[in-house]
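Work through the exercises below with the sequence and the model at hand. Try each task before reading its solution.

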Amino acid sequence: MRIGLLTDGGYPYATGESRLWCDRLVRGLAQHEFDIYALSRSVQQEDHGWIQLPPQVQRVRTAPLWAPEDDGHTYGRRERRRFVGHFKELATAVCGEGEGFADGLYGLAGLARECGGLYAALRSELAVRVMESACRAPGARRAVHAATVPDYLAFADQLERALRPLSLDWYGEDGLGAVDICHAASGGSAALPGLLAKRFFGVPLLVTEYGVQLRAHYLAVSGGELSAPVRAMLAAFQGRLTAEVYEQASVITPGNTHARRWQEKCGADRAKLRTVYPGMEADRFATVGEAVGEGEDSGDPHTLVWVGRIEPAKDLIALLHAFAEVRKGEPRARLRLFCAPAQAPESATYLAHCKALAAQLFPDEAADAHAVGDNPVSFEEIGGPEAPELPDAYAGGSVVVLSSVVEGFPISLVEAMFCGRATVSTDVGAVVEVIGGTGLVVPPRNPRALADACLALLRDRERRERLGAAARARALELFSIEQNLAAFRGIYLELISHSPVQREAEAIDAAGDPLPFAHPAESHVPGHWTGSGTAAAGRTPRWAVGPAGPRDLVGMVATGAMPRLVPDVKSNVLSNVKPTVLPNAMPNTTPKEARS
């Protein structure tokens with residue numbers, strides 16, 4: 001089947017959150033064809049380019065959300081009237097309790113598809129007046145009553161960016177109308193093209209969320225520079241959009257129970273929810289994990305390991321205070337913190353603060369008067385001499401610690417489980433669901449409880465090994481790439497089995513009468529009956545595509561650059577299949593005048 005994979009700020013770009021699991025999905029389901037429809041988030045992301053794509057990716061279409069896309073079209077009187085009607089429905093639903101959000105959204109999409117001009121209209125004075133009227137109408141939310149003209153302009157700017165997918169040229173018979181399933185890699189803007197594909201062509205929509213987009217939006221705008229009315233309107237818009245996506249999706253696949261609870265609170269139907277854990281590369285950690293299973297190496301018995309990004313949500317401050325308590329009970333204990341190089345300024349600031357605290361809590365210690373002092377806490381980068389690869393970081397200790405106060409799906413815990421390591425974690429996000437009894441869990445922001453759990457495992461080798469073996473077995477069963485691919489393979493088949501067949505349009509002549517034998521029997525035979533050089537329906541064959549696009553086939557024939565071909569009725573392209581002549585066929589002896 002043909003899958004339209006919808007992404008926002010991820011695959012096929014070399015940077016982004018969804019690029020890894022999307023690439024594993026596309027490569028793992030090689031029997032299907034994939035068309036990629038990607039929204040980019042920044043010029044830096046586009047400058048980094050794409051990852052290498054597998055051959056089953058037939059088409060890639062991209063659109064920037066960071067750059068304005070003004071087509072230069074302005075509305076006439078009739079178009080302005082249509083715009084005002086649809087935008088008023090959407091604005092009333094955002095600012096109050098109206099139920100016309102979906103009608104307004106699809107109305108604007110239809111207007112953009114027919115006439116364009118949505119960029120200028122959403123930023124026009126007319127749109128500001130409609131927003132002002134909606135904010136001051138009876139029944140509007142209290143938070144938007146105080147909105148001023150700068151607030152309306154700021155919201156219009158944010159709204160136009162969020163609705164920019166409505167103006168794309170992806171919604172045609174040769175675009176999303178030609179796919180069998182739309183698979184959105186996240187909610188929000190990535191799912192908007194899927195909504196329109198279902199609206200215009202009836203294509204079923206599958207939405208996968210490993211991190212709930214609405215929750216991410218709430219966290220992003222809570223500490224921003226936007227005013228309270230603008231934040232309230234944006235939150236209401238995102239909430240309405242999320243509810244519509246969940247309403248129209250045929251199946252929703254959260255990545256864990258934590259995300260599933262968020263989706264249910266946002267209006268998702270429980271009957272549509274199927275938890276599909278993200279698939280991770282178990283083979284990458286096989287060397288370390290198998291060594292533990294054979295009893296060869298379970299890491300330094302006195303060392304705690306932390307792996308992750310340096311940011312305040314990881315609460316390394318609490319971890320350092322907890323380790324101070326651990327050192328009182330186990331003076332030989334060490335703490336190794338492995339991280340990627342800090343890129344964001346706030347990450348570098350937080351890292352400097354943590355290093356200063358570690359130096360204060362743990363002055364350099366020396367065994368005797370002639371030895372060089374050493375700090376029991378070390379900050380190391382993955383890729384450095386001590387940990388050239390990520391598995392080397394987990395192999396450096398016997399217990400892996402996670403001290404986060406905010407966490408979605410704890411990838412570092414799963415990696416530690418693949419390595420057969422015992423873990424101590426805080427009870428946040430999907431930690432309990434992932435651990436499932438194979439590690440110790442303590443409340444967040446509780447250094448004393450974290451220290452006690454670490455001491456319990458450092459002092460009991462048998463318990464560490466038992467928990468590590470159980471953790472590895474659980475990870476191999478639930479979080480491997482194979483289980484992820486099997487789940488999506490089954491969901492694809494289920495969706496296509498419940499979707500109506502998209503039949504070929506009836507062929508008619510100039511007078512509107514049907515053409516008999518327009519679709520020969522061979523066109524219904526599975527596979528490419530016209531030969532290996534023929535492209536699938538609606539696509540240009542690879543040999544007919546040059547650096548600047550499809551080649552001039554007629555010119556190639558005329559100049560002798562390629563042999564004369566016959567038309568392929570099924571795929572509406574040229575095919576180099578010669579007609580078959582039966583050996584006993586009688587020559588046509590009918591006079592030419594009679595035949596005419």
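The model is predicted: local features need pLDDT of at least 70, side-chain atom pairs need pLDDT 80 or more, and totals for chains, interfaces and linings use all residues. Residues are numbered from 1 along each chain as its sequence is written, and side-chain values use heavy atoms, without hydrogens and water.

**Exercise 1.** Describe the surface and the interior of the protein.

Solution. Of the 596 residues, 48% count as buried (under 20% relative accessible area, 1.4 Å probe, protein chains only).

**Exercise 2.** Count the helices and strands.

Solution. Apply the DSSP runs: helices are H or I with at least four residues, strands are E with at least two, numbered from the N terminus. The protein has 22 helices and 16 strands.

**Exercise 3.** Trace the open sheet of six strands.

Solution. Strands pair if DSSP finds at least two bridges between them. The order is β9-β8-β7-β10-β11-β12, with parallel pairing. β9 (377-381) and β12 (440-442) are the edge strands, each pairing on one side only. From one strand to the next, the twist averages 20° (axes are lines fitted to C-alpha atoms, for helices over the stretch in contact; angles run from 0 to 180 degrees between N-to-C directions).

**Exercise 4.** Which strands does helix α13 touch?

Solution. Contact means heavy atoms within 4.5 Å. Helix α13 (residues 316-329) packs on the sheet and touches β7, β8 (334-339), β9 and β10. Its direction makes about 160° with that of β8.

Definitions and conventions: Buried means under 20% relative accessible area, exposed over 50%, partly exposed in between (1.4 Å probe, protein chains only).
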